[in-house]
Amino acid sequence: LIDQASIFAARAVFQEAPGYIVKTLLKLKSAKAPLPARAAGMFIAPFMKTPGAIMRQGFEWSPAGFIMRRARGEMGTGRVQSQAQGRALLGSVALLPIAWLAASSRLTGAPPDDPGEREEFYAQGKLANAVRIGNYWVRYVLFQPFSVPMAAVASAFATFKDSEQDEGAAQEAFASAVAGAGASLLDQSFLVGLGTFIDAVNEPQRYAGQWLSLFAQGLVPLSGMMRNVTQATDATFRKPQAVGESVQAILPGQSKTLMPRRGRFGEAAVRPGPWWQRGFIVPEVSRAVDDELTTTLAAIGYRPTVARPELRFRGKPVELNREQQDVLIEAVGREKKWMIERVVGRDDFEPRPDEVKLKMLEDAASDASAAVRTRAIRAVARQTPLRLDQLLSGPVWRGLQQDREAVFGEERAERVAR
């Protein structure tokens with residue numbers, strides 16, 4: 001009985017004896033292995049046992065469980081085999097509601113790679129590897145052992161839905177399911193560093209700096225607690241540059257001095273929920289966004305992205321500092337949103353075909369961007385600072401001021417504007 005309890009306890013925390021694949025990889029540490037393999041084995045060994053157990057248990061609770069060693073009786077017959085077959089059966093049955101969630105757009109995997117689709121994903125309040133429950137998106141990465149098949153189904157369905165839905169698409173969906181399961185595994189909080197390291201090896205120009213920043217943050221004493229407190233006290237996502245600012249981004253009180261990340265309409269990206277939820281509650285929860293503008297743009301397929309902080313004056317690029325870039329991004333985004341809202345609100349907009357609507361929205365966004373950049377170039381020519389009150393049109397600036405007064409009060413809103 002004690003032995004059975006020990007085995008159950010080890011499985012509950014994913015510390016059971018590793019399987020064949022993990023054991024083979026752990027042999028890379030042996031003295032008989034080549035030096036490069038041994039060095040690699042020493043690095044990856046601490047990350048192998050728990051992730052391998054999570055992945056293995058996830059497959060055990062799926063149709064794949066029927067062909068695994070326990071279900072075939074290779075690790076003992078009787079109770080061990082029956083339990084393994086029962087897990088596979090229950091997991092297979094659970095795939096039915098999981099598939100329904102994916103088919104009804106209530107299940108997400110990894111966020112899209114395309115910038116426009118990614119902006120739309122987060123604008124709708126979605127989270128990576130999450131399930132929609134009522135009006136909220138709840139991350140399921142801690143819902144073991146079902147998080148692995150949930151991520152696999154979500155990734156496969158998203159790939160198949162956006163394809164031509166033929167035999168080739170089915171094969172791509174299967175590959176996406178396998179990749180989604182692996183991505184879900186690397187989405188665990190204790191494996192974020194490993195996932196970023198793998199990205200840095202594959203695409204060093206894009207991810208090397210991110211991995212170095214995470215590594216530097218890990219050297220800060222009590223970095224995990226520091227990060228939680230910072231997220232509780234500062235709701236805004238920050239955009240640090242270089243290692244120094246990355247460390248500053250997890251320090252309470254210091255993160256607010258960094259530039260904010262901005263969304264597609266120039267708004268600062270913020271974490272959802274009150275302070276105690278942002279800093280100390282797991283799993284992460286986000287309220288779904290179903291307002292008219294968001295749903296209309298998604299239905300038409302118009303996916304604006306964050307404005308590029310670039311200006312050209314007399315055919316030459318204008319060098320902008322980070323504060324000026326932030327002001328330009330915010331101004332273009334807010335002006336673009338106002339123009340798009342005007343187009344969507346027109347009486348003759350709804351009856352038109354989607355391709356005509358898309359062209360109208362693209363033209364409106366282009367006009368808004370051109371107007372803001374023209375005002376910015378005038379400010380640069382006059383050698384005056386770039387400010388929102390100079391870059392935005394009158395109606396947009398007045399609307400922004402009214403929003404600030406509603407949140408901060410009139411006196412503080414004036415200080416914010418300055």
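## Strand pairing

Strand 1 (residues 130–133) and strand 2 (residues 136–139) run antiparallel and are joined by 4 bridges. This description concerns a predicted model. Within this pair, V131 stands opposite V138, and I133 stands opposite Y136.

Together, 3 strands form an open sheet with antiparallel pairing, in the order 1-2-3. Strand 1 and strand 3 each have a single partner strand and stand at the edges, so one side of each lacks a neighbour in the sheet. Direction ignored, neighbouring strands of this sheet are turned by 25° against each other on average.

## Packing of helix 15 and helix 16

Two packed helices are described by the distance between their axes and the angle between them. For helix 15 (residues 322–344) and helix 16 (residues 354–381), the axes come within 8 Å and cross at roughly 145°. The crossing of helix 15 past helix 16 is right-handed.

On the helix 15 side, the residues in contact are L328, A331, V332, E335, K336, M339, I340, V343 and V344. They meet M360, L361, A364, A365, D367, A368, S369, V372, R373, R375 and A376 of helix 16. Classified by residue type, this contact has 14 nonpolar, 1 polar and 5 charged residues.

Notes
Residues numbered from 1 in each chain as written. Predicted model: local features only at pLDDT ≥ 70, side-chain atom pairs only at ≥ 80, totals over all residues. Heavy atoms only, no water. Axes fitted to C-alpha atoms, helices over the stretch in contact; angles between N-to-C directions. Helix = DSSP H or I, 4+ residues; strand = E, 2+ residues; numbered from the N terminus. Left-handed = near helix turned anticlockwise from the far one by under 90°. Contact = heavy atoms within 4.5 Å. Nonpolar A, V, L, I, M, F, W, Y, C, P; charged D, E, K, R; others polar. Pairing = 2+ DSSP bridges.
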